[in-house]
Amino acid sequence: MSAPKKLFIKTYGCQMNVYDSERMAEALGGEGYVETKSPDDADMILLNTCHIREKAAEKVYSELGRFKGLKAEKPDLKIGVAGCVAQAEGQEIMRRQPLVDLVVGPQSYHRLPEMEAKAREGEKVLDTDFPEEDKFEKLKNRPKAKRGPTAFLTVQEGCDKFCAFCVVPYTRGAEVSRPADRILREAQDLVERGVREITLLGQNVNAYHGAGPNGDMTLAQLIWELDKVDGLERIRFTTSHPNDMQDDLIEAHGTCAKLMPYLHLPVQAGSDKILKRMNRAHTAESYLRLIERIRAARPDILISGDFIVGFPEETEADFQATLDLVEGVKYGTAYSFKYSTRPGTPAAERPQVDPKEADDRLQRLQALLTKQQREVQDSMVGRDVTVLFEKAGRFPGQMVGKSDYLHAVHVADCDRAIGDLARVRILSSGANSLAGALID
Ligand code: 5AD
Ligand code: SF4
């Protein structure tokens, strides 16, 4: 038997891409590929790209350029570009970088095995269609490899919201939900392979409306179905849009024990003028009211958010409104970005903010968010939380896991195994993690 071919995948961007990379590795696993951590011994290199910010395409071209020497040494090496830059650039990638053999958009990963075979025959292959079928369903069941205790599961892709700064509706296409029975099958399979916690993924996950046995289901209904899966202990979901936060989902946060008290709910800005220009279709006030309702259902929920500063025409007063909103919410964690122009999006045509001013605002916002994040983390000291252990720590006998609130927790003298859940008393709060001790 010949030695297995080696596959190197480099993943950029969001959790959706991490999930997709795993599925691509599985798909090519069926063609005899095993994953390698180094591009140097790879027979195939795949860059799973992200297009959301900052000169993404240029970065991909410069990364590709670095493989020139490798390809010269190893003419059989195949190089592919996947993800949102592949979708956005298409044919242009092969024109600008002849090293590339294969360009595959996020909706076509199930066709990778055929594409790989064609590439092996020396063809240049491109597939960036938006098919109707379910790409994950087409990835045939592979032998059941054991998995770690946490996994992502894509339930929905694409977005119809068209926020004025965002490329997702163009690169990932219209919003599509996977049917519930497929998601439940995949969840069952993950649990059989050792998974205890599943994070449901979607660009607009709470807009989920996949087909169920009695018509379309909401995300909350899907969560209640997953709640019945024996052995699945924790459910999370990301990323949500404020306008799709339906009553049954809010209620589930109060009543579904497996649904974790953590919610990533991007607001982007605190000025109604800017929110309007962003095409967000919510106001600062409606967002704050929503947070209140969520906290009424689950008082200890940890709120996370995304922010953009320096959106076109943002004034200092607009920025102040963002700071005010942050003060009103108190975030447990947050991601903040300086606006970057995405050609083809409506905001790209608007008058831009001075980059120095935007830098300054980003620093001020991040200082406030870091302070809040630290306060929320510190407030865990003295509390008892449940920890799902994910790996051994750096010190003998130490284990590391995540609390219900997604804080990393280090536990010394820990006799538990990876995948175990345990009650832990939090003793101290460090720079980026908590430390605690097993109770009983
Ligand atoms: N510039 C800066 N940040 C952006 N995001 C999306 N598009 C842009 C852009 N053009 C941010 C938003 C989104 C997160 C995933 O990335 O905050 O919620
Ligand atoms: Fe982009 Fe999210 Fe807005 Fe959709 S809702 S356009 S993915 S920022």
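Strand E1 (residues 5-11), helix H1 (residues 15-29) and strand E2 (residues 33-35) form a β-α-β unit that is right-handed; with the strands pointing away from the viewer, the path from the first strand over the helix to the second runs clockwise. Helices (H or I, at least four residues) and strands (E, at least two) are DSSP runs, numbered from the N terminus. This is a predicted model, in which local features need pLDDT of at least 70, side-chain atom pairs count only at pLDDT 80 or more, and totals for chains, interfaces and linings use all residues. Residues are numbered from 1 along each chain as its sequence is written, chains are lettered from A and ligands numbered from 1 in the order in which they are written, and side-chain values use heavy atoms, without hydrogens and water.

Strands pair if DSSP finds at least two bridges between them.

| Strands | Sense | Bridges | Bridge partners |
|---|---|---|---|
| E1 and E2 | parallel | three | Lys6 and Val34 |
| E1 and E3 (residues 44-49) | parallel | five | Ile9 and Leu46 |

Ligand 2 is surrounded by residues with a heavy atom within 4 Å of it, among them Cys159, Cys163, Cys166, His241 and Arg280. Its shell has seven nonpolar, two polar and two charged residues.

Key. Nonpolar A, V, L, I, M, F, W, Y, C, P; charged D, E, K, R; others polar.
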